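User: I'm new to reading protein models, so could you take me through this one slowly?
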Amino acid sequence: MRKNRCRPQEDARVRSSTGEKRLRRAGTREAVLAAFLVSSPVLAAPPYRTDDPEPTDYQHFELYAHSTGVDVSGDANGFAPGVEIDYGVMPNTQLSIIAPLAFDRAAGEPSHWGYGDTEIGLKYRLIEQDANGWRPTIAIFPTVDIPTGNVRRGLGTGGARIFQPVWFQKDIGDWTINAGGGYSIKFGLGNKNDWFVGWLVQRKISDQLKIGAEIFHQTAVAVGRKESTGFNIGAIYDFTDAYHLVASVGRGLQNAKETNQFSWYLGFEVTGAWP
């Protein structure tokens with residue numbers, strides 16, 4: 001059975017004709033890609049960047065096939081497709097793996113496609129919310145990005161990343177509030193450690209449809225890059241208990257020209273029990 005959840009995404013960017021221009025553009029693409037991979041959270045809780053603290057039920061799975069990315073001044077980066085698998089390995093514990101086919105499309109240059117950076121995470125619910133009180137659900141969800149993508153082709157960040165967030169959730173009638181964030185430790189030339197925080201509000205419109213809106217902030221992800229603030233508006237539609245459509249669109253509110261002029265997430269989710 002599908003949980004009451006929703007997910008994150010990010011922002012992403014390598015190449016040109018002269019040496020200085022090549023380095024400048026490379027830094028931009030790596031910075032955008034680094035941002036794109038931050039929460040998931042590239043992935044977080046699709047289709048949002050702000051995650052939830054609810055792990056997948058024990059011996060149940062969630063499988064996402066998705067496209068997600070960001071456009072900055074005609075330079076688009078992201079996953080198409082990406083595959084995310086979440087599985088309840090123990091009570092209150094979820095194992096997550098994201099395996100993406102990444103793309104980098106710079107204005108006036110050939111598009112690049114190939115395998116991107118792999119993400120592995122383990123979500124653990126520490127506290128369950130009090131249905132009759134104000135105590136929220138709280139979970140930790142450390143993730144590790146493995147630099148399997150080719151950074152010179154704009155398909156990876158060039159270094160490992162460790163993200164250490166704490167997520168909160170409170171349900172109030174038909175409303176669900178998620179909030180939290182964490183600190184990323186990053187390796188690789190030009191990458192910078194950064195903070196990410198997000199706040200998401202969702203409302204149940206019907207038994208099949210939930211809509212939501214989030215706002216998030218992230219400090220600079222690479223040397224010479226700017227911090228960013230942005231928003232997403234999204235929806236989750238349940239065709240059945242097993243099949244779901246998840247989608248969101250958004251853009252930056254701060255330094256949008258350099259970080260996020262347009263971003264998207266579109267995915268199809270399958271849920272069920274296994275074995």
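User: Leaving aside neighbours within four places in sequence, which residues is Val 201 in contact with?
Analyst: Val 201 is in contact with Trp 175, Thr 176, Ile 211, Gly 212 and Ala 213, where contact means heavy atoms within 4.5 Å. This is a predicted model, in which local features need pLDDT of at least 70 and side-chain atom pairs count only at pLDDT 80 or more, while totals for chains, interfaces and linings use all residues. Residues are numbered from 1 along each chain as its sequence is written, and side-chain values use heavy atoms, with hydrogens and water left out.

User: Is Val 201 buried or exposed?
Analyst: Val 201 is buried, because its relative accessible area is 19%, and buried means under 20%, exposed over 50% and partly exposed in between, using a 1.4 Å probe and protein chains only.

User: And which strand is Val 201 in?
Analyst: Val 201 is in strand S10, a strand being a DSSP run (E, at least two residues) numbered from the N terminus. Asp 194 also lies in strand S10, which covers residues 194-204.

User: Buried or exposed, that Asp 194?
Analyst: Asp 194 is buried, with a relative accessible area of 0%.

User: Switching topic, where is Met 90?
Analyst: Met 90 is placed in strand S2, and with a relative accessibility of 46% Met 90 counts as partly exposed.

User: Back to Val 201: how many residues apart along the chain are Val 201 and Thr 50?
Analyst: They are 151 residues apart along the chain, and the C-alpha atoms of Val 201 and Thr 50 are separated by 9.8 Å.

Technical notes: Helices (H or I, at least four residues) and strands (E, at least two) are DSSP runs, numbered from the N terminus.
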